[in-house]
Amino acid sequence: MRPSRRGATSATLLTTVLLLAACSPGGGTPSPTSAPPSGTTLPTATETPAPAPDPTTDAPDPLAGWSLEQKVGQLLMVGVDVGKIDQASYDAVHQHHVGNVFLAGRTQAGVAPVKNLVDSFTALVTDETTHGTPMLVATDQEGGRVQVLRGPGFSDVPSAMEQSALAPADLQGQATTWGRELADAGIGLNLAPVMDVVTSPGTAATNAPIGYFERNYGFEVESVTSHANAFSAGMEASGVDVAIKHFPGLGRVGGNTDTTADVRDTVTTRDDPSVAAFRSGIEAGAAFVMTSTAIYDQIDGSLPAAFSPVVVDGLLRGDLGFGGVVVTDDVSAAEQVQAWSPGERAVLTIAAGGDLVLASADPTVIPQMATALVERAQADPAFAGKVDAAVLRVLAAKERLGS
């Protein structure tokens with residue numbers, strides 16, 4: 001297991017960030033998602049609140065001593081730009097108890113400066129901020145056009161299409177090296193691999209979020225599952241967890257949800273082969289699943305997948321039996337989710353059965369998200385129960401990682 005990594009002097013941090021900024025070519029990770037219809041009414045949680053503890057048992061409450069604000073902080077993941085000092089990211093931890101960070105943007109500075117940047121955030125862990133709970137540190141290191149971290153100590157990772165030409169055993173071996181590089185930088189979660197199925201070479205160019213960037217492992221379910229699972233196994237062998245994405249699949253959409261609203265999949269059903277690809281990833285041991293923000297007309301045509309109880313609680317947790325951590329695609333700046341306020345996006349995510357709200361592109365939305373989650377939990381005992389369940393899943397994942 002990875003030891004937790006903490007500590008960085010302010011002078012080291014300043015040097016690190018300046019170096020990262022100097023080496024960063026800029027640009028954001030292409031992210032797929034879709035735009036929702038207008039209307040912002042929040043659903044009422046229908047789940048029955050958990051029964052009161054039985055005083056005759058001695059089982060301790062794992063959340064005893066946690067404030068509601070600290071619990072909510074475990075359900076948020078704030079973006080940290082690797083190319084500049086962004087005070088909003090630090091404020092998210094200091095002021096809103098955020099317990100998870102995502103390294104965003106692009107840098108060619110290498111492992112040592114990235115490690116110093118990570119340390120500057122993990123050093124913020126205190127009894128007051130995160131109830132003493134170590135941070136989950138994530139990034140996007142798929143390969144090809146989607147690789148946040150480059151430079152000394154980081155390999156140039158080929159695209160998923162190029163990876164799909166390797167034998168799975170060879171890919172697993174290479175991914176073990178790539179995972180070790182992330183672990184050396186203090187990163188415990190890679191928001192990869194992509195398990196979206198692009199159905200044919202002829203549709204790749206018009207599939208803006210995935211096929212266009214060669215983020216797909218070939219064009220068959222079998223190729224996707226064998227190679228994505230090999231990538232995951234290599235990462236996990238190095239102590240880095242993976243988040244398979246973007247459930248229930250972005251291989252059939254046209255628009256990129258970062259820049260386009262009302263991105264919809266009109267074909268995929270609950271028993272589609274593209275959904276079966278994710279079942280394979282879950283059965284192979286993936287501890288995290290990332291939900292897309294596209295709308296799936298044949299599953300739930302009213303809400304983006306990340307906000308949909310039908311998709312998350314029904315399909316992912318129910319049909320596929322996934323009991324791990326569900327993390328959203330970016331819901332801070334993506335055009336697809338702008339019909340809802342930041343607070344509504346966070347509340348909808350947890351109400352649907354999700355666990356981690358990713359605000360990677362715009363950390364300034366964190367205060368609104370945290371406030372909305374606290375207020376909803378205070379007003380709605382059933383929702384408060386969902387918050388507690390999500391926190392326990394996040395804490396279990398952190399314990400698994402040895403963070």
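Some ground rules. Residues are numbered from 1 along each chain as its sequence is written, and side-chain values use heavy atoms, with hydrogens and water left out. As the model is predicted, local features need pLDDT of at least 70 and side-chain atom pairs count only at pLDDT 80 or more, while totals for chains, interfaces and linings use all residues.

Confidence, then. pLDDT is the predictor's confidence in each residue, from 0 to 100. The protein chain averages 89, and 85% of the residues score at least 70. Over residues 1-50 pLDDT stays under 50, and for that stretch the model has 149 contacts beyond four places in sequence. Contact means heavy atoms within 4.5 Å.

Now the sheet. Helices (H or I, at least four residues) and strands (E, at least two) are DSSP runs, numbered from the N terminus. Two strands pair if DSSP finds at least two bridges between them. Eight strands form an open sheet in the order 12-9-7-6-3-2-1-13, with parallel pairing. Strand 12 (325-328) and strand 13 (357-359) are its edges, each pairing on one side only.

Take strand 3, residues 136-139. With strand 2 (residues 100-104) it pairs in the parallel sense over four bridges, and Leu103 stands opposite Thr139. With strand 6 the parallel pairing of strand 3 runs over two bridges, and there Ala138 stands opposite Leu189. Both faces of strand 3 are covered: Leu136 and Ala138 on one side, Val137 and Thr139 on the other, are all buried. Buried means under 20% relative accessible area, exposed over 50%, and partly exposed in between, with a 1.4 Å probe and protein chains only. Moving along, strand 6 (residues 189-190) is joined to strand 7 (residues 241-247) by two bridges, also parallel, and Asn190 has Val242 as its bridge partner.

Next, the core. A nonpolar core is a set of buried Ala, Val, Leu, Ile, Met, Phe, Trp, Tyr and Cys residues joined through side-chain atoms within 4.5 Å. The largest one here has 118 residues, and Leu76, Leu103, Phe121, Leu149, Phe247 and Phe288 have the most contacts inside it. Helix 15 gives the most to this core, with eight residues. What does Phe288 touch, leaving aside neighbours within four places in sequence? Its contacts include Leu136, Leu189, Val242, Val325 and Ala397.

That brings us to helix 15, residues 381-401. The expected span of a helix is 1.5 Å times one less than its number of residues, so the 21 residues of helix 15 should span 30 Å; the end C-alpha atoms are 31 Å apart, which agrees. Among its buried residues are Phe383, Val387, Val391 and Leu395, but also Lys386 and Lys398. At its start, a side-chain oxygen of Asp380 reaches to within 3.0 Å of the backbone nitrogen of Ala382. Just after the helix, Gly402 takes a positive phi of about 70°.

Helix 13, residues 342-351, is mostly covered, with ten of its ten residues buried. Those include Glu344 and Arg345. They pack against helix 12 (310-319), strand 12, strand 13, helix 14 (366-379) and helix 15.

Is Asp184 buried or partly exposed? Partly exposed, because its relative accessible area is 44%. Asp184 and Val111 are 73 residues apart in sequence but 7.3 Å apart in space, C-alpha to C-alpha.

Technical notes: Polar contact = N/O pair within 3.5 Å; in protein donor to acceptor, adjacent residues only side chain to side chain.
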